[in-house]
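Here's a quick briefing on the model below. Have a look at it first, then go through the notes by topic.

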Amino acid sequence: MDNNFVVDDEILNNSERAQKAMALFKEGYNCSQAIMLTFADLCEIDEKTALKLSSSFGGGMGGSEKSAVP
């Protein structure tokens, strides 16, 4: 894996990825799982690992429900 990981703005702004993340969220994945699954290919990890890594962040840090909100 490249330690100088750079993501092109086009990849981050891709509406297909946004649609995939929303679909996963609507299927019942929590917000962090939906995002991680959407971008797992860029991190070169499999879906099972992506789910494990992101599962604990869905309720926010310490249950605050504010992990993604500044």
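**Tyrosine 29 and its surroundings**

Leaving aside residues up to four places away in sequence, tyrosine 29 touches Leu24, Ala34, Leu37 and Leu51, where a contact means heavy atoms within 4.5 Å. Keep in mind that this is a predicted model: local features need pLDDT of at least 70, side-chain atom pairs count only at pLDDT 80 or more, and totals for chains, interfaces and linings use all residues. Residues are numbered from 1 along each chain as its sequence is written, and side-chain values use heavy atoms, with hydrogens and water left out.

- Tyrosine 29 sits in the loop between helix 2 (15-26) and helix 3 (31-43); helices are DSSP runs of H or I with at least four residues, strands are E runs of at least two, and both are numbered from the N terminus.
- Its relative accessibility is 28%, so tyrosine 29 counts as partly exposed (buried is under 20% relative accessible area, exposed is over 50%, partly exposed is in between, with a 1.4 Å probe and protein chains only).

**Serine 54**

- You'll find serine 54 in helix 4, and it counts as buried because its relative accessibility is 4%.
- The serine 54 side chain reaches the backbone oxygen of alanine 50 at 2.7 Å.
- Not counting residues up to four places away in sequence, serine 54 touches Asn30, Ser32, Gln33 and Met36.

**Overall layout**

- The chain has four helices and zero strands, running α-α-α-α from the N terminus on.
- Of the 70 residues in the chain, 21% are buried.
- Among contacts with a separation of 6 or more, 31% are between residues 24 or more positions apart.

**Cysteines**

- The structure holds zero disulfides, a disulfide being a pair of cysteine sulfur atoms within 2.5 Å.
- Cysteine 31 is partly exposed because its relative accessible area is 37%, and cysteine 43 is partly exposed at 27%.

**Confidence**

- Mean pLDDT for the chain is 77, and 63% of the residues score at least 70 (pLDDT is the predictor's confidence in each residue, from 0 to 100).
- Helix 4 (residues 47-54) has the highest mean at 92, while helix 1 (residues 9-12) has the lowest at 60.
- Over residues 1-5, pLDDT stays under 50, and the model has three contacts beyond four places in sequence for them.
- Where pLDDT is low, the predicted coordinates should not be read in detail.

Technical notes: Polar contact = N/O pair within 3.5 Å; in protein donor to acceptor, adjacent residues only side chain to side chain.
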